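Open the model in your viewer and clear any selection. The tour starts with the whole chain and then moves to single residues.

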Amino acid sequence: MTKKMSMSTSKTSLVLFLCQIISALDVPLDSKLLEELSQPPTITQQSPKDYIVDPRENIVIQCEAKGKPPPSFSWTRNGTHFDIDKDAQVTMKPNSGTLVINIMNGGKAEAYEGVYQCTARNERGAAVSNNIVIRPSRSPLWTKEKLEPNHVREGDSLVLHCRPPVGLPPPIIFWMDNAFQRLPQSERVSQGLNGDLYFSNVQPEDTREDYICYARFNHTQTIQQKQPISVKVFSMDSLNDTIAANLSDTDIYGAKPVTERQPVLLTPTGSTSTKVELRGNVLLLECIAAGLPTPVIHWIKEGGELPANRTFFENFKKTLKIIDVSEADSGNYKCIARNALGSVHHVISVTVKAAPYWITAPRNLVLSPGEDGTLICRANGSPKPSISWLANGVPIAIAPEDPSRKVDGDTIIFSHVQERSSAVYQCNASNEYGYLLANAFVNVLAEPPRILTPANKLYQVIADSPALLDCAYFGSPKPEIEWFKGVKGSILRGNEYVFHDNGTLEIPVAQKSNAGTYTCVARNELGKIQNEVQLEIKDPTMIIKQPEYKVIQRYGQVSFECIIKHDSTLLPTVTWLKDNDELPDDERFLVGKDNLTIMNVTDKDDGTYTCIVNTTLDSVSASAVLTVVARPNPPFDLELTGQLERSIDLSWIPGDENNSPITSFVVEFEDALHEPGVWRYQTEVPGTQTMAQLKLSPYVNYSFRVIAVNRIGRSQPSEPSEQYLTKSASPDENPANVQGIGSEPDNLVITWEPLKGFQSNGPGLQYKVSWRQKDVDDEWTSVIVANVSKYIVSGTPTFVPYEVKVQALNDLGYAPEPSEVIGHSGEDLPMVAPGNVQVHVINSTLAKVHWDPVPLKSVRGHLQGYKVYYWKVQSLSRRSRRHIEKKILTFRGNKTFGMLPGLEPYSSYKLNVRVVNGKGEGPASPDKVFKTPEGVPSSPSFLKITNPTLDSLTLEWGSPTHPNGVLTSYTLKFQPINNTHELGPLVEIRIPANESSLILKNLNYSTRYKFYFNAQTSVGSGSQITEEAVTIMDEAMASRQVDIATQGWFIGLMCAVALLILILLIVCFIRRNKGGKYPVKEKEDAHADPEIQPMKEDDGTFGEYRLFSFVSSAPI
């Protein structure tokens, strides 16, 4: 984490920003700056310390360095100067220190074995490379040797020695046969770390002639082969046969059988051994044991645990591998070989030593004249390494003196340095296991400030994010950095800003107000420089509607939304991912502007979908999970267990639930004996259950199948189980739905629902049908029938109750005793009509009828109810006959009264009543006459106004279509309507009932009148009819109007009025569009019935609706 920059001006010992830049191990250099600044050499590339080369190829010893001015290179070989100009086979690459030794044109690699070191030098110092040891690789041939066959007794141990030639580097060992196939290895037979092949005990199958050890030398890409080794294993049986063939019958012979042996270690030998390993290397410990049975190896660390995450077991646990060992891994490791007869162990004492390793490696120093500094070189190792210093490749004790330098063990202290103090120092840390060599230069520079950040650089930042404005600088002494905002702004200070050591200005939470021009000023005692940068603040990109979790059925369609909001100056790109990877290349995936649609969804589309929105400045994302659900896959592996006569256990394995939990399993069965191919429901169990105990019926050849059910639906049925045939038995149940109903007055039809095949419980299914008359002391009459579901008993009395029962039986016996049901023999038509019929007229349209019930014996069947027939004979007001239309009302059950609605007023009616049973209707009661009273009449059939004059109108009307009584009079009401649609006083006239016209006189000329007309009976007034009419103008006035109309001034006046009216209409139209009241509404208010107008005072809208409804319903 960067530190806040101190604004202090005091000169202290410090490492400048450029010390990272000009270090070969850190960030790249600024090219322009490098062209101007001097720099001591730095080794950037070199060959490894232990460099094994291929003797067939040219030897390339790398040494690359940088510096200003560019360094020159020289080499030493075995501690003395190596003059490459005197060896024609050796060249140095241009502008490089890399040596190329030409072996391919006659040179010998062995002639160039040795220790090489490179020196890179310029006017500011000299850097040196590591000591590079050059050795050519070697892959010698196997020495010739005569290998004797190995004869081994079965069960004994065996070691086949490889003993490969010593190569550089050591070869990789493996065992194969003549067919170049690797020999199989196991706990019994395995290869040791030294390449030998170990047999814990040999078996007859180990006999072969081609055990071949191969050594692969990777550096030269060659493989060397040892002579094949022959192994012959003698078994006890073959050895006994051989002995028997060479001895007489009287000799005692017989080899001992293969005997088991407790473990013995083949490697390492003895009970203890030691092992030294270097820090950071891989520790390999091995134990291989002989024994029969084959021993098993187990490893422990005495007094501790094997290190977690770094411990591995190889070669069938015979090798313990610990990677990246440290001093803490030192200790005693015990391997234990154990079989059934005993165990043996070996303790390996491990010591971890360490070649030198860095604690603090020296780092380059860039100092100004007069400054102080230190080079620190700290290393550790086991044993503790010694530290020595060199200056420009020369031991510091004999190097030219520098008064500013003081050596204090692992530290060099520099005080008040000058430019001549520039040099390259080498730190060497070494012990018996190796060395470390590090170069670190001291570069003393006097330079005015420089700003490396480009001028007027534009920074764009998202609001509420940190803004980092760079001011990369260099100067010696180290410049002080100050920041300003704006052209004449004051220096920036305070908690709002963070000032970093590298010159960067940080605004932790940038806001719109922070946008603008910022100036960075760098100054030291040698000068001052400044640079301006621009900062723009952008709105953040947001996903305002994120994709949501979706559950979709297979083969459906799903869509994810991703609606974004972004800064108008930024161009966003939207990318969709599936499970953090690109979308499949599939035309089913449709990417729209704001959404992703997946057509025809499949199981593989299940996963997490992410919408990523990127701009040049920010990135946002949102994810949603798509779960594809489907009906479950069918169960499988159905198994029948626990077979009993009446039960069996069925188990199964559920299929894939397809992301929707299985809620239940439905078990179905097939009866191959009675209904092959027909599957019926057996039972249903919860979805967590995969077994069901099923109840069975006798005499059924069962097969079962299982259907899984989830929220989406039912799976396909499973494959059927094996068949299971149950034994026969007598029936368990009797037929259901037994009924006794007569179809004729003299019979009884007994019906039942026959048993299904699997309910028969055995062969020979029949039915015992029994009946007797109820409440009569009769014996049961029975018949046995088969293959039918009804039986007809003839010669029965009409409609008498019977007790009926049906019992199942088969070849093995009867079902349990059945329950009895009550039936009846056949019905006949009722014999008598209801009596004492009475009618009570309630009002002009409703009457109530009463009757006495018919005795049940006379009904002769099941009483269904009563029917009332009624019809209108004539209207009492007109005395006219017409077609008689009878109406029927049915009253269910034993009801003795009923209401007759919808009667016409002032009419004569007749009615009768009949009883109804299941067979039909009985005789009708005597007709009963009743009359309805008067009612109010309907409206007059028409109202017509004719013969208008100046002061009179003629009214003609028709009588009501339905007078509903004797008309007593008519009532006429009328009132004038003025030009503003206001209603005048209302006048009412009573007219005799025998009139059909009326002349109204003394009316106002040229006036509109509204008329209201209705009829009355003694009961009251009927509904009214309305009409409007206008009296004509006076002729003289009309003549004067004609004369005026011919005058020019009047025509002009009328045009002006017309224009004014047009303007008013436009104003009204505008007001109407704005919701104002319009003239039609006022007209309707003015024309309303005066008797209804008061309602408008309460609710004007309701009054309008009532008026409209009333007018539209009147006949025209």
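## Whole chain first

Show the surface of this predicted model. The chain exposes about 59,700 Å², and carbon and sulfur atoms supply 51% of that area. Now color by burial. The chain has 1116 residues, of which 41% count as buried.

Switch to cartoon. Nine helices and 85 strands make up the secondary structure. Then turn to contacts between residues at least 6 apart in sequence: 65% of these join residues at least 24 apart.

## Stop one: Lys 66

Select residues 63–68. This is strand β4, and Lys 66 lies in it. Is Lys 66 buried or partly exposed? Its relative accessibility is 21%, so Lys 66 counts as partly exposed; the buried class requires under 20%.

Pro 41 and Lys 66 are 25 residues apart along the chain. Their C-alpha atoms are separated by 5.4 Å.

## Stop two: Ser 969

Move to strand β81, residues 967–977, and pick Ser 969 within it. Ser 969 has 9% relative accessibility and therefore counts as buried.

Keep Arg 990 on screen and show side chains. The side chain of Ser 969 makes a polar contact with the side chain of Arg 990, at 3.5 Å.

Methods
Residues numbered from 1 in each chain as written. Predicted model: local features only at pLDDT ≥ 70, side-chain atom pairs only at ≥ 80, totals over all residues. Heavy atoms only, no water. Helix = DSSP H or I, 4+ residues; strand = E, 2+ residues; numbered from the N terminus. Buried < 20%, exposed > 50% of the residue type's maximum accessible area, 1.4 Å probe, protein only. Polar contact = N/O pair within 3.5 Å; in protein donor to acceptor, adjacent residues only side chain to side chain. Contact = heavy atoms within 4.5 Å. Areas by Shrake-Rupley, 256 points an atom, 1.4 Å probe, with all protein chains shown as cover.
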